[in-house]
Amino acid sequence: VLLQSVTPDRVAARMRTFLENNGYFWTDVSYSVRQELNTADIQYHIAVQSPYRINGITVTGGDTTIVDAIRSTMGETILAAGDQYDLAKLKQERERIDAALKEKGYFYFSPDFIGFQADSSAGNKTVDLSLHVKKDIPVKATRVYTIGNIYIFSGYSLNRDSITVPAGDTLSVDGCFYIDLDDKFGPDAIVRSVFFRKGALYSRSSHDLTLNRLMNLGVFKFLNVRFVDADSAGIPRLEPHMYLTPLPTKNIRFELQGVSKSNNLAGPVLTSSFRNRNLFGGAELFT
């Protein structure tokens, strides 16, 4: 490797950043190069001090609704006094808070909207962490959303440029509007797998459970959920629009195999299978 392509100054900078991200602040990293006739050695010199540890953590930003919601989640924080400062763990804490807020209806919130500041003025190799919501985040991110009307489009095709709903094909089933585009499935089993409830807060767990249950029915190839903003009387609402693309209803497969028996006779074997996907119970026949 040519010495000029190694860039030891950049390597030293990466080492310094890595150490600081793990609590080793004010670390000095330098290097020296020893050259011989056709080779060179690079020696990195690192003066490491004891790592900084967390003294405490506070949530700042006043008494706004979003800040109060974050404070209500801090009983489950993964940061504790005495822990070594770790940037990766701070990122995990942001993701934990985001997941908790998603259960409280904050659909548009993001982990990137949370910032940390570390104050080392307390001394004794400790830092006081302050958590805050960044300025100028979208207004939507600070709103709590409830579920509005729920629409299920069964028989949706990815090749459709638009959806034309035939008159009379929209059914109201258990608070959901079921639109059957190809008349393949009855609505009851599908609606039972939907865990959104009109008027309830949006929650990520209900969202994920709905996706898992619908895909586990084994009759859909694709499932897409799109949320449409639909404020009602000043109350932020989300209308789930679920587009269900079915798998082929029937599948026939043939296999030709060559076999050799103990009596030295050989011959072909034809195996066929027929699979009929049915929402109310699959049947698979072999011949």
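What percentage of the 287 residues in the protein is buried? Buried residues make up 32%. Here buried means under 20% relative accessible area, exposed means over 50%, and partly exposed lies in between, with a 1.4 Å probe and protein chains only.

This is a predicted model, in which local features need pLDDT of at least 70, side-chain atom pairs count only at pLDDT 80 or more, and totals for chains, interfaces and linings use all residues. Residues are numbered from 1 along each chain as its sequence is written, and side-chain values use heavy atoms, with hydrogens and water left out.

Start with confidence. The pLDDT is the predictor's confidence in each residue, from 0 to 100. Its mean over the protein is 85. Of the residues, 83% reach 70 or more. Among the elements, helix α3 (residues 87-102) has the highest mean pLDDT, 97. Strand β14 (residues 283-286) has the lowest, 34. The pLDDT is below 50 over residues 280-287. Beyond near neighbours in sequence, that stretch still has 14 contacts in the model. Contact means heavy atoms within 4.5 Å.

Next, the overall layout. The protein has five helices and 14 strands. These are DSSP runs numbered from the N terminus: helices are H or I with at least four residues, strands are E with at least two. Take the contacts between residues at least 6 apart in sequence: 56% of them join residues at least 24 apart.

Now look at α3. This helix has 16 residues and reaches 23 Å from its first C-alpha to its last. That is close to the 22 Å expected at 1.5 Å a residue. The expected span is 1.5 Å times one less than the number of residues. In α3, the residues L90, E93, R94, R96, I97, D98, L101 and K102 are buried. Their cover includes α2 (65-71), β4 (114-119), β5 (126-133) and α5 (204-216).

From α5, pick out H207. H207 counts as buried because its relative accessible area is 13%. Not counting residues up to four places away in sequence, H207 touches F196, Y202, V225 and F227.

Step back to the loop between α2 and α3, where D86 is found. Why does D86 count as partly exposed? The reason is its relative accessible area of 28%. D86 touches N21 and N22, leaving out residues up to four places away in sequence. D86 and R53 are 33 residues apart in sequence, yet their C-alpha atoms are 8.9 Å apart.

R53 leads on to strand β3 (residues 53-59), which also holds I54. I54 is buried because its relative accessibility is 6%. Setting aside neighbours within four places in sequence, I54 is in contact with L79, A80, A81, G82, D83, V127 and L129. A118 is 64 residues from I54 in sequence and 9.0 Å away in space, C-alpha to C-alpha.

E20 sits in α1 (residues 8-21). At 34% relative accessibility, E20 is partly exposed. E20 is in contact with F25 and Y85, apart from its neighbours within four places in sequence. Between E20 and Y52 there is a separation of 32 residues in sequence and 9.5 Å in space, C-alpha to C-alpha.

Which backbone angles deserve a look? T7 is not a glycine, yet its phi is positive, at about 50°. T7 is found in the segment before α1. T7 is partly exposed, at 27% relative accessibility. W26 is a residue other than glycine with a positive phi near 55°. W26 is found in the loop between α1 and β1 (28-35). W26 is exposed because its relative accessible area is 61%.

Finish at the largest pocket. Its volume is about 170 Å³. A pocket is an open set of points on a 1 Å grid over the protein atoms alone, with protein on both sides within 12 Å along at least five of seven lines. Grid points are joined across faces, edges and corners, and the volume is the space filled by probe spheres set on them. Lining residues have an atom within 4 Å of a point. They are V1, L3, V6, Q35, E36, L37, N38, T39, A40 and I42. This lining divides into six nonpolar residues, three polar and one charged. Nonpolar covers Ala, Val, Leu, Ile, Met, Phe, Trp, Tyr, Cys and Pro; charged covers Asp, Glu, Lys and Arg; the others, Gly among them, are polar.

Notes
1 Å grid on protein atoms, 1.4 Å probe; cavity = no way out; pocket = protein on both sides within 12 Å on 5 of 7 lines; lining within 4 Å.
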